[in-house]
Amino acid sequence: MRVYLDNAATTPLDKEVFDAMAPFMLEHFGNPSSIHAHGREVRSAIEKARRTVATLLNTSPAEIFFTSGGTEADNAAIVCTCRSLGITHAVSTQLEHHAVLHTLEMLEKNGEMNVSYLRHDKRGVLDLEHLEELLASNPRTLVSIMHANNEIGTLNDIEAIGAICKKYDAIFHSDTVQTMGHYKHDLQQVGANFIVGSSHKFHGPKGVGFLYCDAGTKIQPLIQGGAQERNMRGGTENVYGIIGLAKALEIAYRDMVEHAKHIQSLKDRMIFKLREQLEDVSFNGMSEFGDKSLYTVLNVSLPASDINEMLLFSLDINKISASGGSACSSGANAGSHVLRALGVDPARGSVRFSFSKYNTVDEIDYVAETLAKMYKKVLV
């Protein structure tokens, strides 16, 4: 048995999604920008996919732009807000995905933007009073805060953040890559100017995502070229990727309640089994608390041991695929910037297990037992 518990990195493609994509790989091959019948057929399919995504998110199809994934969508929202709207101050957190952090760092290095970072506690819970303080003294700011952290699972109240941003006329961008397809997003309630999605995080194909840009926020394209995506993104569309994305999101919304219940039960079982079988185990961020963390992610903090240097390799040898890392920087392993920001003890090992609808109770039990055996051998 090989167990895959790295679903926050990517998820397996749903067979229903592949079936929806296949005709656009083999039969419906026209360029959607062409005016002949082959092109019009494909253009119609893309617009149908756009309407599907927009309907699920309770917004207008005119506000959905397809991209190559979450990273491009994050870059477009941040860079184009700065350069198109002339915004020179941003508020973010040290816990963001590198798609956000590195983009902000680039703009700051270029002298295009100053960046302030929110205070947070040792579990990654943000200080929203600090957000109000920063916005009160810096009107017309870009606020870039993720919905749920990809490493520790801590959920942020993006509706509350959106309300604060509206109060101070700030532009709000939220990286929703980890929660898209796992939580319902009603864009009439969230109050964000930008949100993003990446298909392969919810059992769709890799290499395709989308940017939601509200109609009142006028930005120029990040990628120049043709007039695709209503002049917002040059380049021939990833047709079968877009079809797959829409189908995957449709399935995710259709089965969300059932899958959330199943996945949360697996996560709860993993917590119980690890506490039962392994001394001195704890959990980073808010990942052990069901209502305050992403139900697909559990970040496990393990006892200090020499085994931590080769933890992921040892798991892989035992046919377990997971990810994570220590809070320290050593050799080729740069360590986790999130765990460092939380002040996690660098001597402890950390591993992120992330679950999907395809995981089973037997897999969870095997992983917990294997991890416990690994540490019992070196801690006796």
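## Close-ups of a predicted model

**View 1. Arg233 and the residues around it.** Leaving aside residues up to four places away in sequence, Arg233 touches Phe66, Thr67, Ser68, Glu72, Pro221, Ile223 and Gln228 (contact means heavy atoms within 4.5 Å). Arg233 sits in the loop between α8 (228-231) and α9 (239-254). Helices (H or I, at least four residues) and strands (E, at least two) are DSSP runs, numbered from the N terminus. Arg233 counts as buried because its relative accessible area is 18%, and buried means under 20% relative accessible area, with exposed over 50% and partly exposed in between (1.4 Å probe, protein chains only).

A quick note on what you're looking at: this is a predicted model, where local features need pLDDT of at least 70 and side-chain atom pairs count only at pLDDT 80 or more, while totals for chains, interfaces and linings use all residues. Residues are numbered from 1 along each chain as its sequence is written, and side-chain values use heavy atoms, with hydrogens and water left out.

**View 2. Thr59 in its loop.** Look for Thr59 in the loop between α2 (37-56) and β2 (64-67). Its side chain makes a polar contact of 2.3 Å with that of Glu63. Not counting residues up to four places away in sequence, Thr59 touches Ala54, Ile64, Leu187, Gln188 and Tyr212. With 14% relative accessibility, Thr59 is buried.

**View 3. Val196 in strand β7.** Val196 belongs to strand β7 (residues 194-198). Is Val196 buried or exposed? It's buried, because its relative accessibility is 0%. Beyond residues up to four places away in sequence, its contacts include Ala73, His173, Met180 and Phe210. Gly209 is 13 residues from Val196 in sequence, and their C-alpha atoms are 7.4 Å apart.

**View 4. The nonpolar cores.** The largest nonpolar core holds 74 residues, and Val143, Met270 and Phe353 have the most contacts inside it. Helix α9 gives this core its largest share, nine residues. Apart from it lies another core, of 24 residues, including Cys80, Val115, Ile219 and Met232. A nonpolar core is a set of buried Ala, Val, Leu, Ile, Met, Phe, Trp, Tyr and Cys residues joined through side-chain atoms within 4.5 Å.

Methods:
Polar contact = N/O pair within 3.5 Å; in protein donor to acceptor, adjacent residues only side chain to side chain.
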